[in-house]
Amino acid sequence: MDLEAVTKHSAFHAKPSGLTLQYGTAGFRTTAAHLDHIMFRMGLLAVLRSKHTRSTIGVMVTASHNPEEDNGVKLIDPLGEMLAPSWEEHATCLANAEEQDILRVLTDISEKESVDLQQDAFIVLGRDTRPSSEKLSQSVIDGVTVLGGQFHDYSLLTTPQLHYMVYCRNTGGQYGKATIEGYCQKLSKAFMELIKQASCSGDENRSVKVDCANGIGALKLKEMQRYFSQGLSLQLFNDGTRGKLNHLCGADFVKTHQKLPQGMEIKSNERCCSFDGDADRIVYFYCDAGGHLHLIDGDKIATLVSSFLKELLLEVGESLNIGVVQTAYANGSSTRYLEEVMKVPVYCTKTGVKHLHHKAQEFDIGVYFEANGHGTALFSKAVEVKIKQLAELEDEKGKAAKMLANIINLFNQAAGDAISDMLVIEAILVLKGLTVQQWDALYTDLPNRQLKVKVADRRVISTTDAERQAVTPPGLQEAINDLVKKYKLARAFVRPSGTEDVVRVYAEADSQENADSLAYEVSLAVYQLAGGIGERPQSS
Ligand code: G16
């Protein structure tokens with residue numbers, strides 16, 4: 001380690017005094033103006049992680065669903081996964097170190113993790129379309145190079161594309177080629193093969209309208225469209241040529257506000273979907289003849305995917321274990337449908353893809369989706385090998401196995417991916433001959449509401465039982481329990497967000513009016529018992 005160079009460069013990326021940040025649900029996130037030192041330091045950390053794992057590590061500059069003025073950064077581990085929890089702690093420690101302590105913290109991490117500093121390091125970078133992203137990713141590069149790391153900058157990428165690149169590079173190309181072309185070809189080939197397998201290809205001009213949140217998804221879909229245009233035509237809206245990133249559009253807006261995105265022309269019953277700012281989430285929706293919005297969120301995506309996979313497994317004649325992983329945000333109706341009608345085991349983890357992903361890895365086939373549309377399906381290596389063998393057969397079993405093999409290739413198994421998920425969904429709808437309305441009708445969501453409450457320090461709220469129960473502050477859970485008792489089919493929970501400086505409140509009940517009222521009352525309890533600041537929550 002050239003200690004002198006680290007000290008010198010670190011001074012160019014000074015930490016604003018008094019600023020403390022934590023590696024949250026998906027890395028560091030805050031207003032872009034406060035992130036320069038974090039980027040430099042994450043460049044340093046990525047080099048140590050790469051030396052430690054002897055693998056390529058990814059650094060993604062994005063704040064995904066957050067407002068355009070925010071930014072963020074997260075590290076991607078060798079198999080395209082989120083950073084290991086012990087290294088999240090190192091990240092927080094390094095991010096908050098005072099200037100004079102940087103070298104000591106770097107040395108501590110290296111010693112604690114027995115990092116061989118002579119080892120080579122290789123980092124790949126990607127960034128979203130925020131105005132601040134280019135400069136911030138230069139600060140990451142500064143951190144990487146000052147510690148002697150080599151790097152490749154993919155520049156503009158969706159977050160899941162960078163996860164894919166990391167996975168490809170560390171598996172010697174077995175997962176795919178670590179280029180944009182490789183990504184487009186792998187997914188499009190699997191999609192087109194699936195479409196060809198449909199007995200009745202349904203409407204010949206299949207098309208879907210996509211709200212791109214004015215983000216990177218638009219650029220990447222435009223780049224990729226030509227690869228699958230014979231199977232699916234896309235109409236892109238909110239493509240970033242005019243509007244602001246995530247403003248009144250995108251998957252997070254549509255899901256949380258339960259409103260149509262602005263900037264989109266929609267006729268009744270047209271199939272539409274929304275990506276978020278870095279294209280790792282997707283929700284579907286349509287408007288009925290009465291102009292009423294029907295939202296098809298991550299829970300319904302998980303249901304469609306797992307029921308399709310279960311049917312294929314039956315045809316293939318293999319008894320493999322399949323599990324669905326959700327979070328506390330999953331609509332009660334979805335969990336009931338999966339368990340009682342589909343007879344699929346369902347597990348609940350804390351919010352954050354890292355938690356769902358690890359749980360899903362325990363199954364032969366693990367399907368995980370957060371209600372907000374973030375998810376994918378994972379297939380064990382043994383399943384992949386078995387299905388490939390069966391796909392050689394020329395009978396009905398072989399046909400189903402071929403379909404399964406293509407589905408395996410179409411999912412981005414490194415991370416939830418809006419582009420890949422959209423193609424999976426479109427393929428399943430064709431293969432099953434389902435309309436979006438029939439898909440929506442699988443079950444009826446319990447009315448629900450999500451709200452945010454501002455508090456002085458959201459860390460006063462701690463939770464247990466996969467975030468369904470508040471442990472602190474004292475009295476909050478009891479207050480929630482009393483409020484929930486007032487309503488039918490009701491459930492509510494609160495948790496500190498790991499990406500925004502707010503406390504999130506979720507409530508569901510037998511009617512929208514009751515869900516709204518419960519969410520409001522719980523927000524008020526949070527405001528009163530957890531140190532609310534600013535305007536008191538207002539009833540809708
Ligand atoms: C990130 C995470 C998701 C999480 C979301 C909200 O999404 O990857 O797993 O559900 O933040 O997290 P929180 O409620 O803690 O703020 P994204 O799309 O913003 O990267």
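I started with handedness: helix 10 passes helix 11 in a left-handed crossing. For my own reference, left-handed says that the near helix is turned anticlockwise from the far one by less than a right angle, and clockwise would be right-handed. Helices here are DSSP runs (H or I, at least four residues), strands are E runs of at least two, and both are numbered from the N terminus.

Before going on, a note on the source: this is a predicted model, where local features need pLDDT of at least 70 and side-chain atom pairs count only at pLDDT 80 or more, while totals for chains, interfaces and linings use all residues. Residues are numbered from 1 along each chain as its sequence is written.

**Helix 10 and helix 11**

I looked up which residues make the contact: D299, K300, T303 and S306 of helix 10, with S334, Y337 and L338 of helix 11. Contact is C-beta atoms (placed from the backbone) within 7 Å. By type I get two nonpolar, three polar and two charged. The classes are Ala, Val, Leu, Ile, Met, Phe, Trp, Tyr, Cys and Pro as nonpolar, Asp, Glu, Lys and Arg as charged, and the others, Gly among them, as polar.

The axes of helix 10 (298-316) and helix 11 (332-341) come within 9 Å and cross at roughly 15 degrees. Axes are lines fitted to C-alpha atoms, for helices over the stretch in contact, with angles from 0 to 180 degrees between N-to-C directions. The two helices are therefore roughly parallel (under 35 degrees; over 145 is roughly antiparallel, 65 to 115 roughly perpendicular, the rest oblique).

**Helix 7 and helix 15**

For helix 7 (180-196) and helix 15 (418-432) I noted axes within 9 Å and a crossing of roughly 10 degrees. L187, F191, L194 and I195 in helix 7 meet S420, L423, A427, V430 and L431 in helix 15. That contact divides into eight nonpolar, one polar and no charged.

**S64**

The unreviewed UniProt entry annotates S64 as "active site"; such annotations may be inferred rather than shown by experiment. I found S64 in the loop between strand 2 (56-61) and strand 3 (70-76). Buried or exposed? S64 counts as buried because it has 30 C-beta neighbours inside 10 Å (buried is 20 or more, exposed 12 or fewer, partly exposed in between). Leaving aside neighbours within four places in sequence, S64 touches A26, T159, D276, G277, D278 and D280.

**E134**

I placed E134 in helix 5 (133-146). With 13 C-beta neighbours inside 10 Å, E134 counts as partly exposed.

Methods:
Two residues are in contact if their C-beta atoms, placed from the backbone, lie within 7 Å.
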